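Student: I have not looked at this structure before. Could we go through it in questions and answers?

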Amino acid sequence: MTTAREKPLSISPGDSTGGSSHTNWKAIVDAASSSVTSDQSREAVAQRYWPVINAFVKRSGVNTAEADDVTQGFIADVLLGRNLLASATPERGKFRALLMASVRNYTIDQLRKRMAASRKPEAGWVVQLEDDTGSVAVDGDPERAFLSAWVVMIIDRASNEVREHALRSGQEMHWDILDRRLLQPCMTGAVPVSTEAFMRQWSLSSAVQVANIVARMKRRFTAALMAQLGQFDEDSESVVAEVSALLVEIGGGRR
Amino acid sequence: MTDPERTAVPILEWVLQSGSSPAITLTTWIAKEIEPSAVSAIDLMVDPKTPCATLLACKDAFKHLTLDGETVDDRTLGAVYYAASIAAAMANHRTRITRQSSHALEHAFRNIWIDESADLRLRDIAWRAFFTLRMGLEATAD
């Protein structure tokens, strides 16, 4: 099998939300295979998960200058190079949990290697200290950073999908109302645009038109969000359970 | 993007607010646009404390849904809730908020109350509105 190291990927930080292509179990399985589309799937998987992996690494005690290298190394060596993708199946549980556990192990391993290298005497032998077997010190909360990046990734992709669909369908007004009334206020703290302002801007004759569009687009966005989450959970009950779990984990136990 | 741990929460909660029926989810969110504290469209409409002005807004919003809904379910539910908002004003405030004829209203109210699949609270409000109409107890909104 050709390793990912031998086939450099055009991965770049922050390039996770381009396009509307979905990476689901099918794409992950395809990426791990030797099919004719596997290279394309591998690149899509790598791009998609870069920010999530990078968020964990940066909060794990790896210095900023090396964080991108460790992220790239994980993607090349573990996510694509070893059998992580092949071992990811719906039966084995959530891909999110599998990915986080793998990133954690890899990052700790990298930190230990770096610490060991910095202590290695010129004579070439290493004394194993008692406390070297303990956990590597980390700053911040890498798991929380990973989960936050995961949620942002899901929301960004749902947002891209709804926007592209709206613009393709000639519904620029619908997207604008959803974005500036609901999404931007949630994601950036922007002040929600008033019904009256939308009526003026889009020449709408009544407030109920705005109310109907807001509700309709919110439903469409939620469906897209569930579709993104549903790529790893087949049924809607599992999606709801996953959302509840995410809310507990990122919301500081509000549920 | 600022503090995703905080800002993503309300968006994720939309998933939990979604019911098994997309049409009912839509009417709930329309109701929340009219009255942000509303639990659902039915809760908002049948509450005796809901003012006539709010029921009038519900009537207009659900009429719009009847005419412009994306799916048959949306339009059907829009028609039922349109009639229910008129019934709520009539039953709870003895006020007519429409220019529809009494005959048309009686027909619409009866259709709701004989529908065994409809929410019991809607059936009750439709029955009480029918009674109010028949007894000539209602006034006309200004």
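Student: Which residue of chain A does the side chain of Asp68(B) meet in a salt bridge?

Tutor: This is a predicted model, and each distance here is computed from it. A salt bridge requires a side-chain nitrogen of Lys or Arg within 4 Å of a carboxyl oxygen of Asp or Glu. The N to O distance for Asp68(B) is 3.4 Å, and the partner is Arg216(A).

Student: How many salt bridges does the rule find across the interface of chain A and chain B?

Tutor: Over all chains, the structure holds 16 salt bridges. Across the interface there are also 7 residue pairs in polar contact, both residues at pLDDT 80 or more. For salt bridges across the interface of chain A and chain B, the rule finds 5.

Student: Which element gives the largest share of the side of chain A that touches chain B?

Tutor: The elements of chain A that give two or more residues to this side are helix 6 (142-168), helix 7, helix 9 and helix 10 (236-250). By class, the side has 20 nonpolar, 7 polar and 9 charged residues. The largest share is 14 residues, and it comes from helix 9 of chain A.

Student: What area is buried between chain A and chain B?

Tutor: The contact takes 36 residues from chain A and 31 residues from chain B. Carbon and sulfur atoms give 69% of the buried area, which is about 3,200 Å².

Student: At what angle do the axes of helix 7 and helix 9 of chain A cross?

Tutor: Two packed helices are described by the angle between their axes and the distance between the axes. Helix 7 of chain A covers residues 172-188 and helix 9 of chain A residues 207-229. Their axes come within 9 Å and cross at roughly 85°. That makes helix 7 of chain A roughly perpendicular to helix 9 of chain A, since angles of 65 to 115 degrees count as such; the value asked for is roughly 85°.

Student: How many nonpolar residues does the contact of helix 7 with helix 9 of chain A have?

Tutor: Helix 7 of chain A contributes residues including Trp175(A) and Leu178(A), and helix 9 of chain A residues including Ile213(A) and Arg216(A). By class, the contact has 1 polar and 3 charged residues, and the nonpolar ones number 11.

Student: How many residues apart in sequence are the parts that Glu242(A) and Arg96(A) tie together?

Tutor: The side chains of Glu242(A) and Arg96(A) meet in a salt bridge at 2.8 Å, N to O. Glu242(A) lies in helix 10 of chain A and Arg96(A) in helix 5 of chain A, so the parts tied together are apart in sequence by 146 residues.

How values were computed. Residues numbered from 1 in each chain as written. Chains lettered and ligands numbered in written order. Predicted model: local features only at pLDDT ≥ 70, side-chain atom pairs only at ≥ 80, totals over all residues. Heavy atoms only, no water. Axes fitted to C-alpha atoms, helices over the stretch in contact; angles between N-to-C directions. Helix = DSSP H or I, 4+ residues; strand = E, 2+ residues; numbered from the N terminus. Parallel < 35°, antiparallel > 145°, perpendicular 65-115°, else oblique. Contact = heavy atoms within 4.5 Å. Nonpolar A, V, L, I, M, F, W, Y, C, P; charged D, E, K, R; others polar. Buried area = accessible area lost by both parts, 1.4 Å probe. Polar contact = N/O pair within 3.5 Å; in protein donor to acceptor, adjacent residues only side chain to side chain.
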